[in-house]
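Here is a short report on one protein model.

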Amino acid sequence: MVRTNISPNDPPEEHPTIGLIGMGAMGAMYAMQLSKAGWKKISVCDLPDKFDSLKLQYADVPGITVHPDGHAVSRISDFIMYSVEAEYIDRVVAQYGPSTKVGAIVSGQTSVKAPEKHAFEKYLPPDVHIVSLHSLHGPTVSPEGQPLVLIQHRAPDSSLHVVESIFRCFGSRFVYLTYEDHDLVTANVQAVTHAAFLTMGTAWASQRAYPWEQGQYVGGIETVKVNIMLRIYANKWHVYAGLAILNPSARIQIDQYASSASALFKLMLAGDEHALRTRIYDAREQVFGTVNAHRAPIFLTEDVLDQFTIGGHPKLNSGSPTGSSAPPSNSHLALLAMVDCWAHLRIQPFDHLDLAATPIFRMWIGVAEYLFRSTKRLDSAIRSAVYDVTHRSDDLEFVIAARGWSQCVSFGSLELYKRRFLETASFFESRFEEASAIGSEMIKAISQS
């Protein structure tokens, strides 16, 4: 029986055996964080054909023992976490679930919980407890201060307290949800955010040019757009495919995002400034009208964000591209469509900000707030959308790409999603290393704002 207040500082013989099934990017992050904290009995495994390479990789990592498969991990572990892709969770739990140690606590680190819940209830023995979790950040982001969702599904309070004790070393902020609430909240927080940046990437790749090298997407808001887009495409495709295709709420939101982008673009083409302004200001009131005026804004100054421009640090070279002058004119269709989408679906993004905001969502809502809370900046975007054709071809590609991603998700094909994602990613691949380093610093700076 594991004590509810167990800690890495207790004698090693009292430590729970922590089992990790699946050693991809997130599984590896968990293993290293637990080892670094001082837990001495960490049992891990991946696919059987990776056993030898995994043993070599973790041979000198304190506290980690590599096993051939999930049966070996499940039979000895007091706490077991499945860190596998959502599309495979049913198959993996069916294979290893029956071997679970009596009285063990079982968890999952999938981004979509509906398939996980079904698999756990179907294949896990009735004498084990279910306390699931989900770190709402990627493997390259420090877990400190980030949301860690805990789901007490089929377990007494004592089992929840054990899981809290194991992961207190992460320094994350515990968020307590049900399986159903998790999928709704993550759809609200992530689905449209990811769709926006996937669409930007596909639109820019279709132009066959790096946007920040054309002089139109440099500095301030554009820095955030480019960095997050590159960060997403540098990640694994399945991270986003599972959320988009396996979460019903996400499908609805992605479809609305494409519809919002299309409707706004039609008003731009018609030159109907009045109708566009009315629609945008209605969305502004719906999304931002109820926000506490005393809450500090998320967004940093453009001068600070300019330091994270891809291709070099302007402030360290020839000065900020935005400086004290006005930023280049831009319709910001991606942002207008985002807020329009939230408004049409009656989503209040700030309700989720403190609850379960990912670093990327925090940045993107901060940029939207920066644009929409300034009448001057918002009016400039509306005028640019109607009268300035500088970005019109980019906006056209954006609308086409948004509809394409929406259709891709509606087909429910993970293979089609993978192909579309990788085709775009291949165009930007040469810039991923630089974007990852700069993006991490930008996330850190905004998280501390």
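## Strands S5 and S6

Val 106 stands opposite Ile 130 in S6. Two strands pair if DSSP finds at least two bridges between them. Strand S5 (residues 105-108) and S6 run parallel, joined by 2 bridges. Helices (H or I, at least four residues) and strands (E, at least two) are DSSP runs, numbered from the N terminus.

This is a predicted model: local features need pLDDT of at least 70, side-chain atom pairs count only at pLDDT 80 or more, and totals for chains, interfaces and linings use all residues. Residues are numbered from 1 along each chain as its sequence is written, and side-chain values use heavy atoms, with hydrogens and water left out.

Met 81 has Ser 107 in S5 as its bridge partner. The chain crosses from S4 to S5 through helix H4 (residues 89-96), a right-handed β-α-β crossover. Right-handed means that, with the strands pointing away from the viewer, the path from the first strand over the helix to the second runs clockwise. S5, helix H5 (residues 113-123) and S6 also form a right-handed β-α-β unit.

On its other pairing, S6 runs antiparallel to strand S7 (residues 147-154), with 6 bridges. His 134 has Val 149 in S7 as its bridge partner.

## Burial

In a regular strand the side chains alternate between the two faces of the sheet. Both faces of S5 are covered: Ile 105 and Ser 107 are buried on one side, Val 106 and Gly 108 on the other. Buried means under 20% relative accessible area, exposed over 50%, partly exposed in between (1.4 Å probe, protein chains only). S6 (residues 129-135) is mostly covered, with 6 of its 7 residues buried.

## Cysteines

The whole structure has 0 disulfides, a disulfide being a pair of cysteine sulfur atoms within 2.5 Å. Cys 45 is buried, at 0% relative accessible area. Cys 169 is partly exposed, at 31%.

## Second largest cavity

The structure holds 3 cavities of 30 Å³ or more. A cavity is a set of points on a 1 Å grid over the protein atoms alone where a 1.4 Å probe fits but cannot get out; lining residues have an atom within 4 Å of a point.

H7 gives the most, with 4 residues.

Technical notes: On a 1 Å grid over the protein atoms alone, a cavity is a set of points where a 1.4 Å probe fits but cannot get out, and a pocket is an open set with protein on both sides within 12 Å along at least five of seven lines; lining residues have an atom within 4 Å of a point. Grid points are joined across faces, edges and corners, and a volume is the space filled by probe spheres set on the points.
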